[in-house]
Protein chains: 2
Amino acid sequence: MKTLFKTVFVAIVFHYQVYAQVPKPVYTKATDLTIAGDIMPTQNPYHRVDTVKYPAMPAVVKRLLTQSAGKVICFTTNSKQLTAKWCSSGSKPYPNLTPIANKGLDLYIKKDGKWQFAGVGRPDGQCTEATLVSNMADGEKECLLYLPIYDEVGNVEIGTDAGASIKPIPFPFQKRVLVYGSSITQGASASRSGLAYPARLSRLTGLNFMNLGLSGSAKMEPAVIAMINDIQADAYVLDCIPNSSDVVVKERALNMINSIRAAHPGKPIIMVNSITREAGYIDTKVGNMVNAQNAAIDSIAKNLVKQHTKDFYYIDTKGFLGDDHEGSTDGIHPNDLGSYRFVEKIEPMIADILKKYFK
Amino acid sequence: MKTLFKTVFVAIVFHYQVYAQVPKPVYTKATDLTIAGDIMPTQNPYHRVDTVKYPAMPAVVKRLLTQSAGKVICFTTNSKQLTAKWCSSGSKPYPNLTPIANKGLDLYIKKDGKWQFAGVGRPDGQCTEATLVSNMADGEKECLLYLPIYDEVGNVEIGTDAGASIKPIPFPFQKRVLVYGSSITQGASASRSGLAYPARLSRLTGLNFMNLGLSGSAKMEPAVIAMINDIQADAYVLDCIPNSSDVVVKERALNMINSIRAAHPGKPIIMVNSITREAGYIDTKVGNMVNAQNAAIDSIAKNLVKQHTKDFYYIDTKGFLGDDHEGSTDGIHPNDLGSYRFVEKIEPMIADILKKYFK
């Protein structure tokens with residue numbers, strides 16, 4: 001008993017000695033830094049759109065636009081350690097997402113001229129304080145901190161070493177490429193938020209791919225298209241086929257394309273068909289559904305291409321996930337492998353189109 | 001109000017009509033089918049080892065051996081839909097794992113002679129009933145259902161259509177290759193259990209790679225090595241460096257190798273060093289730790305190779321995760337992209353060694 005007491009006592013003293021050596025971080029509110037990635041100016045800095053402006057928009061779309069997919073905090077610091085405090089909603093985690101992607105943070109630091117993964121903030125309950133990275137070399141670091149893909153977030157603060165500097169920097173990606181899409185665009189099944197495909201496209205190209213991924217709800221509704229028509233972008237990528245039946249695609253896709261063309265003349269519009277659902281190779285109903293969706297958009301888009309429709313482009317994603325059927329988490333959403341393969345295929349196609357416009 | 005009532009009433013009737021069309025599945029206990037993937041015979045069919053046999057083994061290792069990583073239910077059925085009922089422990093999900101990998105199920109079906117992903121069981125609370133796949137074509141299907149990677153599981157039952165057959169089949173992978181390793185071996189950050197690297201190696205090679213991944217606890221303790229010496233395998237892959245400091249590697253690795261060689265003469269032993277921790281490119285302490293771990297095992301293993309130690313092989317994993325630093329979920333664990341790259345590199349190396357033994 002005496003030995004046990006001594007062990008516990010020594011452990012407690014050791015615990016406090018170890019912690020005493022780590023100075024308490026000094027916190028800076030994200031709102032005092034640059035919060036980028038919004039697709040239009042917002043009241044709430046962590047929302048993607050001010051949904052109150054769009055009363056006719058479906059409630060589910062409004063809710064999804066409060067989720068911080070694509071939002072990034074941009075700063076420079078000479079701190080050797082970075083911590084963060086943040087809160088997310090109490091929503092239940094999705095079965096196909098890691099808690100890190102769902103409600104956590106993802107840090108990139110520029111190294112040798114490239115944005116490089118540096119660390120994550122692991123969520124722990126509704127509000128978390130966590131270390132992002134420690135023991136960094138001396139010197140000034142440029143940082144991008146991606147916010148949660150699939151949850152609403154608030155009260156974000158960045159912790160730096162006592163005496164270290166932390167300053168806002170401009171968002172490093174140029175031009176504005178809106179990506180309107182489904183859960184796949186939003187980043188469902190990315191293992192962390194920096195791996196959602198618009199974020200990866202931004203780092204690969206240096207262009208600002210804005211995440212208008214609306215999980216399960218990219219349904220081309222007139223109220224949503226009206227909002228897209230208010231978004232001033234330099235290009236529009238439409239990856240919204242996976243959430244609609246072939247009937248809805250036939251009803252809405254041409255209207256959507258024509259409406260965006262009319263609202264944004266001279267801007268390229270890139271229509272993308274639905275990637276394969278891996279489940280569809282075994283579940284005949286799912287397979288037939290995707291075939292029908294793609295037949296519907298193929299017919300519309302190929303006709304527009306045949307008519308030499310100005311500034312309109314079509315990308316067929318057939319084969320983009322590879323042929324081993326291992327690129328999904330659940331038969332629906334690309335995992336990091338499937339997403340990587342998708343980006344490797346689509347990035348040069350998009351870059352090839354955009355280089356005609358962005359000189 | 002009347003309209004609301006009518007709407008609700010119609011919705012309820014519609015709900016029951018829709019569900020009435022789906023016949024209730026008939027459930028078969030997994031224990032009446034083949035439960036494979038155990039590394040030695042077990043009392044509890046979902047545990048990997050009977051830990052009561054090893055009183056000196058660390059408690060954390062015992063707990064991890066109750067988790068069903070690598071366990072697979074093998075059966076054939078002509079059902080057009082498959083459902084499952086299962087329970088997992090009430091443990092908190094890991095931040096770096098999807099709930100599907102953590103506590104869910106992962107189904108593969110043989111198609112055109114190859115094992116192909118077919119569907120997942122999404123966990124919902126401690127006990128779940130979920131559909132794995134629907135609308136399958138007619139005919140007999142060979143199925144592998146991978147159990148949760150990171151949790152203890154029980155009461156697994158498979159649901160088939162009324163009147164459909166379901167029968168046990170032999171585990172389709174030949175020979176026994178034990179993989180003793182860390183969380184990376186167990187499958188941390190695979191998006192579903194069939195993507196843990198030993199499972200993927202089995203499907204690629206047709207060999208039975210047995211998952212002795214012990215998250216955070218592959219520490220080469222004498223009691224654990226004693227257990228490994230009881231496991232009758234045809235080959236031993238030792239991927240256990242990531243969980244030990246360089247000091248522990250120097251203390252224990254040579255003893256481990258010599259002990260396994262003595263217990264299993266003539267069987268190939270393949271030592272693997274630690275993959276890069278992506279965090280180590282920014283966190284100097286993490287980087288130095290991995291370098292020191294690998295320097296320690298390099299020195300021991302290269303010396304054994306130089307001495308032409310019989311049946312001993314060494315694999316250096318340098319560069320196995322690629323050079324874009326996107327292959328991890330959290331700087332520690334390979335995500336599906338990193339794991340894919342790892343398997344693409346290590347599989348031919350392992351296969352090349354084993355073909356000398358397995359003729």
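**Where chain A meets chain B**

Across the interface of chain A and chain B, 24 residue pairs are in polar contact, both partners at pLDDT 80 or more; a polar contact is a pair of N or O atoms within 3.5 Å, where within protein one must be able to donate a hydrogen and the other to accept it, and residues adjacent in sequence count only if both atoms are side-chain atoms. This is a predicted model, in which local features need pLDDT of at least 70, side-chain atom pairs count only at pLDDT 80 or more, and totals for chains, interfaces and linings use all residues. Residues are numbered from 1 along each chain as its sequence is written, chains are lettered from A in the order in which they are written, and side-chain values use heavy atoms, with hydrogens and water left out.

Let us look at the meeting place itself. Chain A and chain B each bring 47 residues to the contact (heavy atoms within 4.5 Å). By class, the side of chain A that touches chain B has 20 nonpolar residues (Ala, Val, Leu, Ile, Met, Phe, Trp, Tyr, Cys and Pro), 12 polar and 15 charged (Asp, Glu, Lys and Arg), the others, Gly among them, counting as polar.

Charged partners meet here too: there are eight salt bridges between the two chains, each a side-chain nitrogen of Lys or Arg within 4 Å of a carboxyl oxygen of Asp or Glu. A:Lys92 forms one with B:Asp124, with 2.5 Å between the closest N and O atoms.

Now for the rings. Over all chains, the structure holds 14 aromatic pairs, meaning rings of Phe, Tyr and Trp (its six-membered ring) with centres within 6.5 Å; planes under 30 degrees apart count as stacked, over 60 as edge-to-face and the rest as tilted. A:Phe171 and A:Phe173 form an edge-to-face pair, 5.3 Å centre to centre with 90 degrees between the planes.
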